[in-house]
Amino acid sequence: MAYNSQTGPTQRHTDTWQSSGQSRFESIGNSNGGITNKISEAFGGDRRNSLPMYKDKPFSYPGGRRKVPWYRRRRIIGVVLVSIATISWWFGILSPLSHLTRPSEKSPAKKSQSSWSLFAGSGAVDWEDRAQQVKEAFQLSFSDYEKHAWGDDEYHPVAKDGKKMTQNGLGWIIVDALDTMMLMNLTTELQHARQWMHNNLTYDQDHDVSTFETTIRILGGLLSAHYLSNSFPGVYAPVNDSLSDDMYIEKAAELADRLLGAFNTQSGVPLASVNLHSQEGIPSHADGGASSTAEATSVQLELKYLSKLTGEAVYWEKAEHVMKVVDDNAEPDGLLPIFIYADRGVFRGNNIRLGSRGDSYYEYLIKQYLQTSQEESLYNEMWKESMVGIKKHLLTYSSPSNFTVLAEKQNGLDHPVTPKMDHLVCFMPGTIALATTGGQTVAQARRDRSWGSEQEEDLIIAEELMKTCWGMYTVTATGLAGEITHFNLHDPPLMYNDFSGGERPTGPKSFERQPNIPGMDSRPVGTDDYIIKNADAHNLQRPETVESLFYMWRITGDEKYRQWGWQMFQAFKKHTLTPDGLAFSSINSVNSVPTTLRDNMESFWLAETLKYFFLLFSSNDILPLTDVVFNTEAHAFPRFQLGKLFKTGWERKPRDENGHLIEQAKAEPAIVSKEEQPDIPGAGPVKIATVHLTETRAMSVTSTLSDSSSNTDAVKADREAASATAEATITPIMDEPQLVT
């Protein structure tokens, strides 16, 4: 395909970057003095086989090594060739050169000073070095964006240009990446971002934005940056730029105030979009105006944490009220349709899935429970209810390899499953593991008295789903997963609840391919199970699978999850690198080699995908899972206790053992004698219905009153005594005037 080699639009501001939104790089093009030339010097002509370092090459970096005598170089070359020949002879390998271009995970690379070097020695895996390579990939991507589209909300790394979503830009890429810079200790990049935010970022813009996406990416990014900079002073990329330490929280509160307009609906469920200037919510232009279920129920972590920081309860109340409205629908088995009408608070259609528009509802159930230190038990109850529903209705098995498939019910729970998984569904293995142990390691959790067969069962589901998601990568030509994967199922489908205990099918124990020998199937494991249609074969640099690998590694300690992550990262390096070797892009098909680029770098490539790779390869001491929760955009928030100011402001309506709402029995008016009836002046016989408000549950108490003046004061006193916790509605039995207290 043809690529545009021109640079992006000229930056508006021409003064130095320290006081403006200008790129911090003096040269925008490929001038000899710029970073492009430095990388070219280090790697010569071909940069496609290995990634260059961002800057500051160490002494032993290939492009900067000292000259050594030719006979020493010759001796080294001779030793290497003899070693290769010996190893090849020993293992019966006919083409030893193939091992120079295709690293083997059986012999992990030894740490080298040049992290991007194609050649590596043998020895124990140096995970710190691999984390460093991820950091360099981030720097490569971010620096290219800085030079060509600084301040833009979209970036096209092939054309080298960008686009703003609003008049002045929202900081979509910059703010989303703040905490990644902090965790990677990138002080230069962080200082540049802070200067841009200080001088350029305002949310008073007359433009519509997605309520959900703006909350998870921008509000979430600001809150996470505030958390890391204030809770870990001097640890994560400390900067000394004279800017306020409160900049993140101040901008977060300003943005949240504008987003709250989306919640001004009859039901309290937020509209899909909001105008930042007018603060008016805007319904979706599609789907009959309904909001996405996941979007309406995946703003709670952010708003509740902001309430905790500011002491302003309004964010908390708006967020949790949505959960009440959703739960009051009492959908069977905790599985929700993917659309909800914001005006009425009722669901639209029967399409049920844990992919797009449904996914993060389930994620935020367990994370809300963990965020408030397990003090809000109803969210854990809702999570467990959903897990029962998932096992009952959605879990099935592929054919012939028995991968566990988390399928869809596109026409309701009473209809057959659709054997389809969005890549988005791959957040579930890690989330299930997190819910099972609460963030502890399995070894720690198993010592708890609450651990039992249910936890063991759920952990197995997490492990099996993790295999399924990893298989999405191993069956493709690029080693990357498509956006959507379909599956061949048994006929009739084998459902999870058709089996019990150890009788349930399990996926392959290994993904190792058989040797290419006649009569032996050397295709990737699962080739006959997975179906990737051409329309679904694109890869958008999504993070969900590496996200789950991160959780599975932290919780189980099984190093295979790190190894799978490393293979995935190498596939991204190899197949999504731009032709100039200076950026990464989403691709059109995971089944085509060489790949064609979509010329777009998603903000979550920096905010999520590379962050989770970095955390997967880094020390477990960084952001322990028992201390934090990550929002659905990988922004870290601390766990906290409710304290005196906050509480769960709602209760679930009572349900029977099948999950159906229990209808409140309406008591008949009591028949009392004339002597027992109190007297209310000006009213005939009336029925008093006293509703005791225990948040969402209501208990009705009724009695019948008749004319009697002698007891009026006593009745009035009783009502006043109960007014703090009850409301009394007096409705005439006949046509008498109505009294309301």
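Colleague: Which element gives the largest share of the lining of the largest cavity?
Modeller: H14 does, with three residues. Helices (H or I, at least four residues) and strands (E, at least two) are DSSP runs, numbered from the N terminus. This is a predicted model, in which local features need pLDDT of at least 70, side-chain atom pairs count only at pLDDT 80 or more, and totals for chains, interfaces and linings use all residues. Residues are numbered from 1 along each chain as its sequence is written, and side-chain values use heavy atoms, with hydrogens and water left out.

Colleague: How many cavities turn up in the whole structure?
Modeller: Four of 30 Å³ or more. A cavity here is a set of points, on a 1 Å grid over the protein atoms alone, where a 1.4 Å probe fits but cannot get out; a pocket is an open set with protein on both sides within 12 Å along at least five of seven lines; and lining residues have an atom within 4 Å of a point. Points are joined across faces, edges and corners, and a volume is the space filled by probe spheres set on the points.

Colleague: What volume does the largest cavity have, and what lines it?
Modeller: About 90 Å³. Its lining has 13 residues, with Asp327, Glu331, Gly334, Leu336 and Tyr361 nearest the centre. Helix H12 (313–328), H13 and H14 are the elements that give two or more residues to that lining.

Colleague: How does that lining divide into nonpolar, polar and charged?
Modeller: Six nonpolar, two polar and five charged. Ala, Val, Leu, Ile, Met, Phe, Trp, Tyr, Cys and Pro count as nonpolar, Asp, Glu, Lys and Arg as charged, and the others, Gly among them, as polar.

Colleague: And what about the second largest cavity?
Modeller: Its volume is about 40 Å³. The lining is Thr211, Phe212, Pro270, Leu271, Ala272, Ser291, Ser292, Glu295 and Ala296. H8, S6 and H10 each supply at least two of the lining residues.

Colleague: Which element gives the most to the pocket lining?
Modeller: H8, with four residues. By class, the lining of that pocket has ten nonpolar, eight polar and 13 charged residues.

Colleague: Back to H14. Where does histidine 393 sit, and is it buried or exposed?
Modeller: Histidine 393 is in helix H14 (residues 377–393). It counts as buried because its relative accessibility is 11%; buried means under 20% relative accessible area, exposed over 50%, and partly exposed in between (1.4 Å probe, protein chains only).

Colleague: What does its side chain have a polar contact with?
Modeller: The side chain of aspartate 333, at 2.7 Å. A polar contact is a pair of N or O atoms within 3.5 Å; within protein, one must be able to donate a hydrogen and the other to accept it, and residues adjacent in sequence count only if both atoms are side-chain atoms. Not counting residues up to four places away in sequence, histidine 393 touches Asp333, Leu335, Lys409, Leu413, Val417 and Met495, where contact means heavy atoms within 4.5 Å.

Colleague: New topic: in what order do S11, S12 and S13 come in their sheet?
Modeller: S11-S12-S13, an open sheet of three strands with antiparallel pairing. Strand S11 (420–422) and strand S13 (530–531) are the edge strands, each pairing on one side only. Two strands pair if DSSP finds at least two bridges between them.

Colleague: How many bridges does S12 have with S11, and how many with S13?
Modeller: S11 and strand S12 (residues 484–487) pair over three bridges, while S12 and S13 pair over two. Histidine 486 is the bridge partner of lysine 420 and, in S13, of isoleucine 531.

Colleague: Are the faces of S12 covered or open?
Modeller: Both are covered: Ile484 and His486 on one side and Thr485 and Phe487 on the other are all buried. In a regular strand the side chains alternate between the two faces of the sheet.

Colleague: What is the order in the sheet with S3, S4 and S5?
Modeller: S3-S4-S5, open and antiparallel. Strand S3 (208–210) and strand S5 (281–282) each have a single partner strand, so one side of each is left without a neighbour in the sheet. Three bridges join S3 to strand S4 (residues 273–275), and valine 209 has valine 274 as its bridge partner in S4.
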